[in-house]
Amino acid sequence: MADHGDDEDTLATPVIVDTGQFGTTDRDKAPLIQMHSLWKTYGMGASTVQALQEVDLTITAGEYVAIMGQSGSGKSTLMHILGCLDVPSSGRFLLDGHNVQDLDDTELAAIRNERIGFVFQQFHLLTRLSARRNVELPLGYAGVTSKRERSDRAMSALDAVGLADRADHRPSELSGGQQQRVAIARALVTEPAIILADEPTGNLSREQSTEVLALLDALWAGGRTVILITHDPGVAAHAGRQVRVQDGRVIGEGAAE
Amino acid sequence: MNFWLSLRTAVESLVERRLRTALTTLGILIGIAAVILTVGLGEGAQSRVTSEIDALGTNLLIISPGSTTTGPVHGALGTAGDLTLTDANALGSKTNCPDCAQVAPVLQSSQVLTAGSNNWTAPVVGTTPSYLTVRNRQVVLGSGLTANEVSSASRVAVVGSEVATSLFPGTSPVGQITDIAGIPFTIVGVLNPAGSSASTNLDNLAIVPISTAEQLFGRAGPFANSLSGILVSSTSSATMGPAYTEAFSLLLQLHHVSRPSLADFTITPQTSLLSTASLITHTLTILLAGVATIALLVGGIGAMNIMLVSVTERVSEIGLRKALGATRSAILRQFLLEAILIGLAGGVFGVGLGLVGILVLPHLLGTSIVVSSLAIVTSLVVATAIGLVFGVYPAMRAARLSPIVALRSE
């Protein structure tokens, strides 16, 4: 979880108030993500594209945030920067007190590994590996050298998404919803502070979507910061806070209507 | 990511694409096998040439009539144009040629030998008892020529093993009579089998006293006493040089030739035969090895090509691994390991194929192939290095991929 920094909590307070029902009353309210006047520019000269313009965004540890926007709105770019997959062209981005711009490739890789769990629209499971081996992947990069430990941790993550009995199945032997749940287990296995889900239900049926969203809800309830990137208001409604993005700018915020 | 996990990942990925891996490996395999075989063939030829030339006799100087230089006729006809028994006797004198050990004059002609209903054509060599020493031959049955037989021009012959079995199949030829050019000879001995050397069959010959040979097929007229050649052995391999010089100046003197460039005879040391032959086989080996190296290079380029395809194909996997925390070096290591494994597998199987070839080819081609452990170890190292060298670029491309570009593609 976020450390007790000296950072001032200047912006957005979470709308969802912890109920205590999930044992989250001791949640830290320090800002986990702080973006200030963030720009992202692609290309050069006449073909320059301003993917993000002057984005200010603060996310507190334990929030459930949906970033909403149509395709081309810049929400994917924002997600890439939030996930430390890309760096902003200018502006400030503090993640857990670290200035991301100051980090090199190896340090960014370490941040992605330790603090961020990714869930993608296309699941991105490796087809030749079993569910368990897929979930083990981040542990290999985290330097967990014990095969036993990797396997045990992967099994408990699969257990958390209700797929322990499917551990030895390959992705092709699982339904779309099950594949996405394996992907969520993979996102969980390193115990990251942030779950970053990019259109997690984009390739799923309604029923499967419900399942996956319920799982994300539970993760948030269990204390994690969940960031959903979506164009679907129905999906966004699961989050306590919506950030609307259009033409590379944050155009509005608010709780679900 | 620790090494063993990277290795496991690399192996799994190669196994998953087993057909492609096998074909890529095949490129390197063929190159390595070709290198092993050509180097083996070259070394085999080398050792064969060496042993063949050794089989001609040890520390041998071959003196033949005529000059290797072209130009006007040297000396008057019949006076000094040929090698004679006088020359041979002079060379045999310790005072004239202290470094010459043995001298054997040779008067040679191809003749038909008959015994009963069998007949056989063989070179008949008229010479002296020293011939066997100079030529490094042994009599395995009966005895060799004696000085007496030479001085009395006896009609006796010592035959090679092939002549013996052809004329007298199944029986001992010693004591039997064979007709050479219609004149009966008693066979007194049989030589040891020596195989063939430099396309000459060493077992197909008959040796007779030189005096008898002169009567039998010596020429009439001014060349009546001319020899086919004189074989001289030096006292040791170290005295080949002095023996050459002594023989050369002695013959110049006997033939009344004033300038060495006008010599009407040629002395060929066995060592020069050896070095010429070695040079030829060595050049051949280099040529073949060059071709094999090109094959190996082509194999390596093929491997690089496939690795590049593999990287392009797995862009999304690379992106995912990066998103999950793989550093550039982790991706680099994974792809480099794949390339090295392909190279190593090509090396191991290539050496295997090469060894099979080395076992089989001598039976098919009748050539000898020498396996050297150095060639095998070098091949394995080279194959691995090829994997590494041709894997670096594809692996670096993989490592440098941006995770977002990589994840977007699908």
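This is a predicted model: local features need pLDDT of at least 70, side-chain atom pairs count only at pLDDT 80 or more; totals for chains, interfaces and linings use all residues.
Residues are numbered from 1 along each chain as its sequence is written, and chains are lettered from A and ligands numbered from 1 in the order in which they are written.

Chain A has 7 helices and 10 strands; helices (H or I, at least four residues) and strands (E, at least two) are DSSP runs numbered from the N terminus. Of its 257 residues, 54% are buried, where buried means under 20% relative accessible area, exposed over 50% and partly exposed in between, with a 1.4 Å probe and protein chains only. Among the contacts in chain A with a separation of 6 or more, 70% join residues 24 or more positions apart; a contact means heavy atoms within 4.5 Å.

A:Thr225 is one residue to look at in chain A. It is found in strand β8 (residues 225-230) and is buried, with a relative accessible area of 0%. Leaving aside neighbours within four places in sequence, A:Thr225 is in contact with A:Leu32, with A:Ile59, A:Thr60, A:Ala61, A:Gly62 and A:Glu63, and with A:Ala193, A:Ile194 and A:Ile195.

Over all chains there are 5 aromatic pairs. Rings of Phe, Tyr and Trp (its six-membered ring) pair if their centres lie within 6.5 Å; planes under 30 degrees apart count as stacked, over 60 as edge-to-face and the rest as tilted. A:Phe118 and A:Phe120 form a stacked pair, 5.6 Å centre to centre with 0° between the planes. In chain B, B:Tyr244, B:Phe248 and B:Phe265 form one aromatic cluster.

Across the whole interface, 26 residues of chain A are in contact with 27 residues of chain B. The two chains bury about 2,500 Å² between them, 57% of it on carbon and sulfur atoms; buried area is the accessible area (1.4 Å probe) that two parts lose on being put together, summed over both. A:His124, A:Arg128 and A:Tyr141 supply 31% of the area that chain A buries against chain B, more than any other three residues.

B:Leu320 belongs to helix α10 of chain B. Why is helix α10 (residues 315-323) of chain B largely enclosed by the rest of the structure? It is enclosed because 9 of its 9 residues are buried, including the charged residues B:Glu317, B:Arg321 and B:Lys322. Just after α10(B), B:Gly325 takes a positive phi of about 115°.

Elsewhere in chain B, B:Ser154 lies in the loop between α5 (147-151) and β5 (156-159). The C-alpha atoms of B:Ser154 and B:Val208 are separated by 8.4 Å, although the residues are 54 apart along the chain. Beyond its neighbours within four places in sequence, B:Ser154 is in contact with B:Glu149, B:Pro209 and B:Thr212.

On a 1 Å grid over the protein atoms alone, a cavity is a set of points where a 1.4 Å probe fits but cannot get out, and a pocket is an open set with protein on both sides within 12 Å along at least five of seven lines; lining residues have an atom within 4 Å of a point. Points are joined across faces, edges and corners, and a volume is the space filled by probe spheres set on them.

The second largest pocket holds about 420 Å³. Of its 21 lining residues, the closest to the centre are A:Ser76, A:Met79, A:His80, A:Asp198 and B:Arg408. Helix α1 (75-82) of chain A gives the most to this lining, with 5 residues.

Notes. Side-chain values use heavy atoms; hydrogens and water are left out.
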